[in-house]
Amino acid sequence: MPRLRLTTVVPIAAVTLCLLQSCNNWSAPGSVKAASVKPDKQRKDAPDFSLKDADGKVVHLSDYKGKVVLLDFWATWCGPCKIEIPWFMDMQRKNKDKGFEVLGVAMDDEGWEAVKPFLADLGVNYRVVMGNDKIAETYGGVDALPTTFLIDRSGKIAAVHVGLASKKDFEDGVQELIQSPATSARGSAVPALIGAK
Amino acid sequence: MLAALLCLPLLAQSSGYLSVTEAPKVSGSRNAAVQAKIPVAVKSGYHVNSNVPSDDYLIPLKLTWKTTGALEPGQVSYPKPVVQRFEFQQANEKPLSVYIGNFEIAANFKVAANAPAGPGVAVGQLRYQACSDRACYPPKTIEVTVPYQVQ
């Protein structure tokens, strides 16, 4: 039986180990893998919308293409939403220079009359638009609030959280998406901030 | 007996998180004060805000009347709420004023002075907003009926 040399064994062992650890999903040291974030191939396009912000300016989701977006459906009468909003403010502060934006969609029937004072009370530091049943329908109904979508740089839904989730889960998901480059429709990597505003 | 059981669901209005059973028939003569007790049930695992929530942003439980026929609507008496702290609240927040499980709303009426003798039905709406420990649901309105008999 021929003796295996060290120079042969080491590369084979390295390849085997790499395969065992799922080479394709290997992440650089310090990177994050969030349990809730779907693999690229399972992600679907986030429906675009045209909704007005508190200043009456029309906002399209497509304005944010190239950025990671945390899209939060919420309402002033929703207690669990009030827990998450300060988390999102914190994430906005920490990541706004990394191609990340939080976008709130208020679902209050009373409109800005109810929402503006609430935003002022909490000192919300990200953009909020006024939602409606039609837009909620395009996102699968959105009955329970909060419902939060993490959208990758290619405008695809990478994760959905229905109801109060953990801050760590959001942070891990956001970090994973921030670290990932955008992919084109064919799945090839494109520069992360193309089209970002 | 079977017929009675089959009819029971028809007497209840449900909208997911809260159901209202038709109030027992009230009866009285002209100018008499009558009170209807409306049975309400909140689904297990959920709560609805009381008629006086602990925060201005919260939506109260509220009964209003659409048509009352020969009855003149009076005060609506809501039960004493449960004051409870929930998992989603921050430590510095006030406990919430809510209703959980089964309770009754008392609706007071006066039989109109010129009411014709006979049966009728008062129809109202109960608006509520429900939450679980982890999520809240948009406000809903459910129909309330009170059958009455003018003697």
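**View 1. Chain A as a whole.** Of the 197 residues in chain A, 32% count as buried. The model shown here and in the views below is a predicted one. Five helices and ten strands are found in chain A. Taking the contacts in chain A between residues at least 6 apart in sequence, 75% of them join residues at least 24 apart.

**View 2. Helix 2 and helix 5 of chain A.** Helix 2 of chain A covers residues 79-95, and helix 5 of chain A covers residues 167-179. The two pack at an angle of about 25°, and their axes are 11 Å apart. Angles under 35 degrees count as roughly parallel, and helix 2 and helix 5 of chain A are therefore described as roughly parallel to each other. The crossing in which helix 2 of chain A passes helix 5 of chain A is right-handed. On the helix 2 side of chain A, the residues that meet helix 5 are Trp87(A), Met91(A) and Asn95(A). Their counterparts in helix 5 of chain A are Lys167(A), Phe170(A), Glu171(A), Val174(A) and Ile178(A). Sorted by class, this contact between helix 2 and helix 5 of chain A has five nonpolar, one polar and two charged residues.

View 3. Strand 4 of chain A, residues 68-74, is mostly covered, with seven of its seven residues buried. In a regular strand the side chains alternate between the two faces of the sheet. Both faces of strand 4 of chain A are covered. Val68(A), Leu70(A), Asp72(A) and Trp74(A) are buried on one side, and Val69(A), Leu71(A) and Phe73(A) are buried on the other. Strand 4 of chain A pairs with strand 5 of chain A, residues 100-106, in the parallel sense over seven bridges. In this pairing, Val68(A) stands opposite Phe100(A) of strand 5 of chain A.

**View 4. Where chain A touches chain B.** Contacts here involve 14 residues of chain A and 14 residues of chain B. Helix 2 of chain A gives the largest share of the chain A side, three residues. By class, the side of chain A that touches chain B has ten nonpolar, three polar and one charged residues.

**View 5. Chain B as a whole.** Chain B has one helix and 13 strands. Read from the N terminus, the order of elements in chain B is α-β-β-β-β-β-β-β-β-β-β-β-β-β. The C-alpha trace of chain B spans about 55 × 40 × 20 Å along its principal axes. Of the 151 residues in chain B, 30% are buried. Among contacts in chain B with a separation of 6 or more, 71% are between residues 24 or more positions apart.

**View 6. An open sheet in chain B.** Five strands of chain B form this open sheet in the order 1-2-4-10-7, with antiparallel pairing. Strand 1 (12-14) and strand 7 (71-77) of chain B stand at the edges with a single partner strand each, so one side of each has no neighbour in the sheet. On average, neighbouring strands of this sheet are turned by 25° against each other, direction ignored.

**View 7. Strand 4 and strand 10 of chain B.** Strand 4 of chain B (residues 33-42) and strand 10 of chain B (residues 102-111) run antiparallel and are joined by nine bridges. Ile38(B) stands opposite Ile105(B), a residue in strand 10 of chain B.

Technical notes:
Residues are numbered from 1 along each chain as its sequence is written. Chains are lettered from A and ligands numbered from 1 in the order in which they are written. This is a predicted model: local features need pLDDT of at least 70, side-chain atom pairs count only at pLDDT 80 or more; totals for chains, interfaces and linings use all residues. Axes are lines fitted to C-alpha atoms, for helices over the stretch in contact, and angles run from 0 to 180 degrees between N-to-C directions. Helices (H or I, at least four residues) and strands (E, at least two) are DSSP runs, numbered from the N terminus. Angles under 35 degrees count as roughly parallel, over 145 as roughly antiparallel, 65 to 115 as roughly perpendicular and the rest as oblique. A crossing is left-handed if the near helix is turned anticlockwise from the far one by less than a right angle, and right-handed if clockwise. Two residues are in contact if their C-beta atoms, placed from the backbone, lie within 7 Å. Ala, Val, Leu, Ile, Met, Phe, Trp, Tyr, Cys and Pro count as nonpolar, Asp, Glu, Lys and Arg as charged, and the others, Gly among them, as polar. A residue is buried if 20 or more other C-beta atoms lie within 10 Å of its own, exposed if 12 or fewer, and partly exposed in between; C-beta atoms are placed from the backbone. Two strands pair if DSSP finds at least two bridges between them.
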